[in-house]
Amino acid sequence: MTIHCEIVTQERIVFQGEADLVTLPGEAGEIGILPHHSPLLTVLKYGIIKVRLAEAEKVFTVFGGVAEIQPDQITILADAAESLNEIDAHETEEAKHRAERALKKKDRLTEDVEMEMWEALRRSNVRLEAVHRFRQSRD
Amino acid sequence: MASSRNEMRFHIHSVGNIAQVTRALEAVSTSKARKATKLLKATRPYVERAWKVVLHLARQPDGASVHPLLEARRDPKQALAIVITSDRGLAGGYNMNVIRKVLKNFNDFPRPVSYVAVGKRGGEMLAHREKDLLAEYSKLIAPADLKQISSIGNLAIERFLDHSYDEVYLCYTEFIDRFVQRVVIRKLLPLEVVFGEKEIDSYNQTHPTRAIFAYEPEKNRVVDAIVPRYISLQVYAAVLSAEASEHTVRMLAMHSATKNAKELMNSLKMAYHKTRQKDITNEILDISSGAEMLQEGNPNR
């Protein structure tokens, strides 16, 4: 018995497929979902989604959103999301440093830019965490 | 004569200019239509699923109390229609079709109707017919910007919540594919869930379970965060659909304009050549008959 899982953003469908176990970053903490879970609507924070089928595990980063859980399906409406394979570790490191450097001279930034930098920093941190925890050998 | 030929040449030239303009517009619309269609297709899965979530909330056994936006009102008094058209014309019957359907639907409506016009053309046509316009939006960012469009949705939501209006309709041109676009009028608020078979109203069909949701964090925070947002999202999707339709219709209109201009040019050219031939023939006739006369009139011969 599996559960149908979909991760959708406004730009595209990031993932669509069956799963035995899905782990989500709920606002109140990590939530593990098995097939026949009772209906649940939850807000997601920034973090990592794991989708397991048999022995294989797919990892995604998610940056806020909502998950709707029904006994036979999980619909994740992400504000932004991507698969671990799509993350470029070097680029992410650079983005992180850029954001950190910019934030050191905060008083020079407009409010919008500052928000943008915080956002970039938060995303970079989640991406790097995903890479360090789940990516083997590559990079 | 020479002067009428000059006139004809001028005419051919101006038709040629028109063909050039329409061809350029066609090319521009083609690329815009392609972009808009791509954006629409990319956004559609998200929009559809978001709408499903709202529907699932609405048909909870305690549906009425989940969120005021999902609550039907007894004895509705005022209706609001969001009408989506374009800022620019030259798009065949695109704008007129929307307005025609809107008027047909709301002219004999049991309740007074106010309008929110998105797009200058529709705004003008409604104002011309002395309809009550609550707001008019034009020169929106293209392609549609979620934040900007959400503010239109939020306006409708606010006015619904403060009881200025008891119903909100969304009127726009739905893009099905390159060949089919149709004007639809969809009830946005309050949400009415349709149970049962397909094709009654494909938007409002839902997943079969009716189990009660649990919420995380607490219910109000979740519901307040998503219901208004996902309803605004429907307005955004409608604008995307309308944009794709607009550019597609304009592309086709410009294509046939270019074709017509070319046909006209060909027939004008043909007429020009005929006149020119005739003029030349006449001139030769004049010369040769003059020469003949000279010959005949020459007694030395």
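This report describes chains A and B of a predicted model.

## Basis of the model

Residues are numbered from 1 along each chain as its sequence is written, while chains are lettered from A and ligands numbered from 1 in the order in which they are written. Since the model is predicted, local features need pLDDT of at least 70 and side-chain atom pairs count only at pLDDT 80 or more, whereas totals for chains, interfaces and linings use all residues.

## Chain A

Chain A has two helices and eight strands. Helices (H or I, at least four residues) and strands (E, at least two) are DSSP runs, numbered from the N terminus. In order from the N terminus, the elements read β-β-β-β-β-β-β-β-α-α. The C-alpha trace of chain A spans about 55 × 35 × 25 Å along its principal axes.

Of the 139 residues in chain A, 29% are buried. A residue is buried if 20 or more other C-beta atoms lie within 10 Å of its own, exposed if 12 or fewer, and partly exposed in between, with C-beta atoms placed from the backbone. Among contacts in chain A between residues at least 6 apart in sequence, 53% join residues at least 24 apart. Two residues are in contact if their C-beta atoms, placed from the backbone, lie within 7 Å.

## The two domains of chain A

Chain A is assigned domain 1 (3–84) and domain 2 (88–134); such bounds come from an automatic or database domain assignment. The C-alpha centres of domain 1 of chain A and domain 2 of chain A are 24 Å apart. Seven residues from domain 1 of chain A and six residues from domain 2 of chain A make the contact.

On the side of domain 1 of chain A that touches domain 2 of chain A, β5 (40–53) and β6 (56–70) of chain A are the elements that give two or more residues. That side of domain 1 of chain A divides into five nonpolar, two polar and no charged residues. Here Ala, Val, Leu, Ile, Met, Phe, Trp, Tyr, Cys and Pro count as nonpolar, Asp, Glu, Lys and Arg as charged, and the others, Gly among them, as polar.

## Where chain B touches chain A

In the contact between the chains, 20 residues of chain B meet 21 residues of chain A. On the side of chain B that touches chain A, α1 (2–58), β6 (214–216) and α6 (219–297) of chain B each supply at least two residues. The largest share of this side, eight residues, comes from α1(B). By class, the side of chain B that touches chain A has 14 nonpolar, four polar and two charged residues.

## Helices α3 and α4 of chain B

The axes of helix α3 (residues 94–106) of chain B and helix α4 (residues 120–128) of chain B come within 10 Å and cross at roughly 45 degrees. α3(B) and α4(B) are therefore oblique to each other. N95(B), V98(B) and I99(B) of α3(B) make the contact with R121(B), G122(B) and M125(B) of α4(B). These residues divide into three nonpolar, two polar and one charged.

Buried residues in α4(B) include R121(B), G122(B) and M125(B). The buried residues of α4(B) pack against β1 (79–84), α3, β2 (113–118) and β3 (132–137) of chain B. Just after α4(B), E130(B) takes a positive phi of about 60 degrees.

## A225 of chain B

A225(B) lies in helix α6 of chain B. A225(B) counts as partly exposed because it has 13 C-beta neighbours inside 10 Å. A225(B) and R9(B) are 216 residues apart in sequence and 66 Å apart in space, C-alpha to C-alpha.

Definitions and conventions:
Axes fitted to C-alpha atoms, helices over the stretch in contact; angles between N-to-C directions. Parallel < 35°, antiparallel > 145°, perpendicular 65-115°, else oblique.
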